[in-house]
Amino acid sequence: MTGRVLQWARGNAASPELESETHPSSVKSFRLKVILSKKDRSDNEAQNLCNEFADEARNHQLTLNCRFISNDRFVLYANEAVDSSLLPSFLEYLSQHHETVLLEQPAEFRLFDEYASSLCQSSFAPNLPASNPIWAKGILGDNQIVGCADSGLDWNHCYFADGTLAAPPTGRSGSFSVNVTARKVIGYESISDALDDVDGHGTHVVGSMIGNPDFFVTGSSADAIAMQANKGSAPSAKVYFQDVEKTGGNSLDGLSGSLYNLFKSAYKAGARIHSDSWGSSENSYTSEAAELDQFVWDNNDFLILVAAGNDGAKENTPSGTVASPATAKNIISVGASQTTTNGW
């Protein structure tokens, strides 16, 4: 990731990612997340501190902007390349400031779940008889609400469509009321927009979790049988969906804010499980991973499941491929049982 600069790291607040790499002669896209020491300050106080740090950057001949995230963190960034020789003294100032807990590069999240399989219940593969022992015990996800943040969701797909409602309740967090009587989608939080991207990643992920075509697909035709066989793991559950990618974009911009608040919104909607098929390239314990740990610590009836990544078990892949925030301690990190269909 561009912008890693701190091999010097004399202050005790610098993260390992910043310490471990020699800085280049110039940084094309400098971005630095600053984690602050206390959480009871007001948003205005945090914004003032952010502005103070940006002003101090100018004293070091650096032109940096401040993007406020929450009352205990913000990002300092440059819109143009900066001379890295100017950074050490400024970063030393930040690392020694009494309000600073951690300095790190902001994670750049990307979508995971690249290769899906049908092995969850019984090691089923296309060349073996299908078996669903969990469903056979009546465990179908009844009365459960699952939270999910992803690229978007095609709520008109037959696996999610309501049949009576034209669209689920949609809007920004706190601006709408969920509909717990909806067949599948009780609410759609439009953090980025309210559409799925062209690759359909979010629709695929939610289909794998709670998709169920029963309302629309009946009979014994080959198509009907195939669709019934491809229900989600919890076909009776419902979803509170959070859209975190602008359609046509190439980044999960909706995850650039507070992950703690992301889960808080889903929790308020009634979700007690949150499944997320995205992550970063950072194989370390980052502030994002810490946010997940803190939320689960504060809400011990909430379970977060995060994809381990897309890079494990590939030929010539080095160790250490579990990516943040799957490196969190109070969550379940989920890896695939197969990376390609060649094993079948």
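**Exercise 1.** In this predicted model, find how β2 and strand β6 pair: in the parallel or the antiparallel sense, and over how many bridges?

*Solution.* Start by locating strand β6 at residues 100–104. Next, follow its pairing with β2: the sense is antiparallel, and the two are joined over four bridges.

**Exercise 2.** Explain why strand β2 is largely enclosed by the rest of the structure.

*Solution.* Strand β2 spans residues 31–36, six residues in total. A residue counts as buried under 20% relative accessible area. Five of the six are buried, so strand β2 is largely enclosed.

**Exercise 3.** Write down the strand order of the open sheet formed by seven strands, and say which strands stand at the edges.

*Solution.* Walk across the sheet: the order is β9-β10-β11-β8-β12-β14-β15, with parallel pairing. At the edges stand β9 (170–171) and β15 (332–334). Each has a single partner strand, so one side of each is left without a neighbour in the sheet.

**Exercise 4.** Look at strand β10 and strand β11: how many bridges join them, and which residue is the bridge partner of S190?

*Solution.* Strand β10 holds residues 185–190 and strand β11 holds residues 238–243. Five bridges join these parallel strands. For S190, the bridge partner in β11 is D243.

How values were computed
Residues numbered from 1 in each chain as written. Predicted model: local features only at pLDDT ≥ 70, side-chain atom pairs only at ≥ 80, totals over all residues. Heavy atoms only, no water. Pairing = 2+ DSSP bridges. Buried < 20%, exposed > 50% of the residue type's maximum accessible area, 1.4 Å probe, protein only.
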